Each structure stands twice: as C-alpha cells, then as structure tokens.
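The sequence and the model come before the points.

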Amino acid sequence: MTEFTVRVATPADTDRLLPLLDEMAGEKTGTRPPQNLEQIERRRAVLAASLLDFERPVVVAYSGMRVVGCLLLPDTTPFVSASWRGLGVDIELLQFLR
C-alpha cells in the first residue's frame, strides 16, 4: 500500500498545489486555466494568500514530493489526481478531519 502524508497546506505548498488545482479546474470546466507567465504568477499569489486563511484551510495529501489530493474546506469532497484515484488518498484526506 502506498503511504501518504496528509496535512494542512501552507503558502510553501503553493507551487506543488497549482498543478492539482489546474487538473481539478480542467475536470470541472473541460478547459485548463490560461498559462501565460503573468496569469500564472497572479494565480500563484492569490493561492499563497488564500492558504493563510484559517477559516478555510486546504488539506493536502503528498506522496513523496507530489501533491496527489486535496480537500478544500469547508467542502468535504476530496479531489484526487486521476492517476491516484482508487489508492485510498480520498479516504486518508477525510480521516484527517476526524
């Protein structure tokens, strides 16, 4: 069984979390967010600032150095990267809340 590290995200997780959020947006809308440097930097700054909001924490699951799943609280539906689904990441994210 694969082992995951689950914890509350901090601004230091921004660069590793962005690809997962892009994947999530792509699945919900069918399109990827714009990828020019100015827009990426703006999205990165907004995400880093939002990770400081203790009223709406983000829980992340790491496998090694890669963020493979996240839980954007107060929503209790975890998002797991397509290549990691079925491996228990969603269960571990939800168990973190207990």
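1. Confidence. The model is predicted. The protein chain has an average pLDDT of 90, and 98% of the residues score at least 70. Confidence is highest in strand β4 (residues 79-80), at 96, and lowest in α1, at a mean of 91.

2. Helix α2. This helix runs over residues 37-50 and has 14 residues. From its first C-alpha to its last it reaches 20 Å, close to the 20 Å expected at 1.5 Å a residue. At the start of α2, a side-chain oxygen of asparagine 36 comes to within 3.1 Å of the backbone nitrogen of glutamate 38.

3. Five salt bridges are found in the whole structure. One of them joins arginine 44 and aspartate 15, at 2.6 Å from N to O. Because arginine 44 lies in helix α2 and aspartate 15 in helix α1, the pair ties together parts that are 29 residues apart in sequence. Arginine 44 is partly exposed at 30% relative accessible area, and aspartate 15 is partly exposed at 46%.

4. Aspartate 22 and arginine 43 form a salt bridge, with their closest N and O atoms 2.3 Å apart. Aspartate 22 belongs to helix α1 and arginine 43 to helix α2, so this pair ties together parts that are 21 residues apart in sequence. Aspartate 22 counts as buried, at 11% relative accessibility, whereas arginine 43 counts as partly exposed, at 24%.

5. Glutamate 38 pairs with arginine 42 in a salt bridge whose closest N and O atoms are 3.0 Å apart. Both residues lie in helix α2, four residues apart, about one turn of the helix. Glutamate 38 is exposed, at 59% relative accessibility, and arginine 42 is partly exposed, at 46%.

6. Aspartate 13 sits in the loop between β1 and α1 and is buried, at 2% relative accessibility. Its side chain makes a polar contact of 2.5 Å with that of tyrosine 62. Threonine 29, in helix α1 (residues 14-29), is exposed at 57%. A polar atom of the threonine 29 side chain lies 2.8 Å from the backbone oxygen of alanine 25, and a polar contact of 3.1 Å joins the side chains of threonine 29 and threonine 31.

7. Surface patch. Val8, Leu94, Phe96 and Leu97 make a nonpolar surface patch of about 290 Å². Valine 8 is in strand β1 (residues 5-8) and counts as partly exposed, at 40% relative accessibility.

Key
Residues numbered from 1 in each chain as written. Predicted model: local features only at pLDDT ≥ 70, side-chain atom pairs only at ≥ 80, totals over all residues. Heavy atoms only, no water. Patch = residues over 30% accessible without salt bridge, like charges linked within 9 Å, V, L, I, M, F, W, Y side chains within 5 Å. Areas by Shrake-Rupley, 256 points an atom, 1.4 Å probe, with all protein chains shown as cover. Salt bridge = Lys/Arg side-chain N within 4 Å of Asp/Glu carboxyl O. Helix = DSSP H or I, 4+ residues; strand = E, 2+ residues; numbered from the N terminus. Buried < 20%, exposed > 50% of the residue type's maximum accessible area, 1.4 Å probe, protein only. Expected span 1.5 Å × (residues − 1). Polar contact = N/O pair within 3.5 Å; in protein donor to acceptor, adjacent residues only side chain to side chain. pLDDT = per-residue confidence, 0-100.
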